[in-house]
Amino acid sequence: MKKLNWGIIAAGGIADRRMLPAMVKNEKANIIAVMDTDLKVAERVAQKYGVENFYDNEDELLALDRVDTIYIASPVYCHKEQAFKAADAGKNILLEKPIAMNAAEAQEIVDYCKDKGVRLAAGFMMRFSTMHRKIKELIDGGAIGQLVYTDAQFTCWYPEIEGAWRQYKDKSGGGALMDMGMHLVDLTQYITGSRIKNVAAFIENIRFSYEVEDSSSLLVRYDNGMIGNLNAYFNIPDSAARWQISFFGTRGRIIGETTIGQEDGGRLLVISEDEEKSYVAQQDVSVAKEEIVTGEYGDLFDFELESFTDSIVNGKPLVCDAQQAVYCHKVTDAAYKSSVDGRFIDIE
């Protein structure tokens, strides 16, 4: 069985919380080395997962011939330089989202990796959710007819924290929209197979005073005609969030309850009619069929690893090809511009 030999750049944070545990479980992954700018963090993580090599810089890690694949989970402002170095070393790359500070930089990274002949995937792990795959299957099968509207929200409580890189514009590229809204931009396009072509946005700080926004609401139009409302906030208590994604069609609605997030789970409520009907003045809501859908859940990051490994080993298309992430950046770039200009912005 072909395995990938991984090097981890930025071993703390989400790498330690999510990706490394998934790699330990995955029989097709070998963790060869970890790196963090804080050597104590790198050493702690190495000991935790039984990894022999640990470093405080990416150059030593990338010099290891045994390492053939890199996972980059560093702050966004580091992504370009580290991805370039990994590509120079001939390593395939799984790069956490957002992959860059903006669309232009994202395209630079994609083009550089292509020129160097290495494969580059973006870390949109929510595409691999059991329920999101089910939603895509239902929509593709026409379960709710023609799509007309989507509504999604992804929020957290993220108060001022001294030194938190996500709260500085020059390190993160943006706040709630870049960190959480990016998932909604990607997920709604991936599930429906339709691109966002126009956006209008309110992006501001309602509760906190850090450099980036704590609030973002986007009104978007997709090229299939569907309208969307995508909401990402840093100022809503986690206990109150109950993240949700919904799709409305001419024959019903699919509601994904707590399917969004870093864990595979949630449930679907599918409300549907067999056919489009004529106008009924009393608007009887009792005639539709309702079905609750659950599933056998796993680990989103393990699913992501399996898919990435299959692409690298067997040459299959990347499910999260980073070129798709470039377009997500174009949407968020346009949203920031819309908020300043006070108008709809077209995505090229």
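Hi everyone, thanks for coming. A word on the ground rules: residues are numbered from 1 along each chain as its sequence is written, and side-chain values use heavy atoms, with hydrogens and water left out. Since the model is predicted, local features need pLDDT of at least 70 and side-chain atom pairs count only at pLDDT 80 or more, while totals for chains, interfaces and linings use all residues.

Let's start with the parallel sheet. Six strands form an open sheet in the order β3-β2-β1-β4-β5-β6, and the pairing is parallel. Strands here are DSSP runs of E, at least two residues long, and helices are runs of H or I of at least four, numbered from the N terminus. Two strands pair if DSSP finds at least two bridges between them. At the edges stand β3 (53-55) and β6 (120-122), each with a single partner strand, so one side of each has no neighbour in the sheet. On average, neighbouring strands in this sheet are turned by 25° against each other, direction ignored. Angles use lines fitted to C-alpha atoms, for helices over the stretch in contact, and run from 0 to 180 degrees between N-to-C directions. β1 and β4 are joined in the parallel sense by four bridges, and Ile9 has Ile72 in β4 as its bridge partner.

Now, which residues have the most contacts inside the largest nonpolar core? They are Trp6, Ile8, Met23 and Tyr71, in a core of 110 residues. By nonpolar core I mean buried Ala, Val, Leu, Ile, Met, Phe, Trp, Tyr and Cys residues joined through side-chain atoms within 4.5 Å. Buried is under 20% relative accessible area, exposed is over 50%, and partly exposed is in between, with a 1.4 Å probe and protein chains only. Take Ile8: leaving out residues up to four places away in sequence, its contacts include Leu20, Met23, Ile31, Leu61 and Tyr71. Contact means heavy atoms within 4.5 Å.

Next, helix α4, residues 79-88. His79, Gln82, Ala83, Phe84, Ala86 and Ala87 are its buried residues. Among the elements covering them are β1 (4-9), α3 (58-62), β4 (69-72), β5 (92-95) and α5 (103-116). Helix α5 is also where Glu108 is found, and Glu108 is partly exposed at 37% relative accessible area. Beyond residues up to four places away in sequence, Glu108 touches Lys80 and Phe84. Lys80 is 28 residues from Glu108 in sequence, and their C-alpha atoms are 8.1 Å apart.

On to the other sheet. Nine strands make an open sheet of mixed pairing, in the order β14-β13-β12-β11-β7-β10-β9-β8-β15. Its edge strands are β14 (289-293) and β15 (345-346); each has a single partner, so one side of each lacks a neighbour in the sheet. β8 (residues 196-204) and β15 run antiparallel and share two bridges, with Val199 opposite Ile345 in β15. Helix α8 (residues 176-192) packs on this sheet, touching β7, β8, β9, β10 and β11, and its direction makes about 150° with that of β10. Helix α11 (residues 322-341) lies across β8, β9 and β15, at about 50° to β8.

How do α6 and α8 meet, and what is the angle between them? The axis of α6 (residues 130-140) comes within 8 Å of the axis of α8, and the two cross at roughly 40°. α6 and α8 are therefore oblique to each other; under 35 degrees would be roughly parallel, over 145 roughly antiparallel, 65 to 115 roughly perpendicular, and the rest is oblique. His132, Ile135, Lys136, Ile139 and Asp140 in α6 meet Leu187, Tyr190 and Ile191 in α8.

Last, some backbone details. Most residues other than glycine have a negative phi, and most peptide bonds are trans. Ala10 has a positive phi of about 80° without being a glycine; Ala10 sits in the loop between β1 and α1 and counts as buried at 12% relative accessibility. Arg242, also not a glycine, has a positive phi near 50°, in the loop between α9 and β11, but Arg242 is exposed at 57%. The bond from Lys97 to Pro98 is cis, with omega near -15°, and Pro98 lies in the loop between β5 and α5.

That's my tour; happy to take questions!
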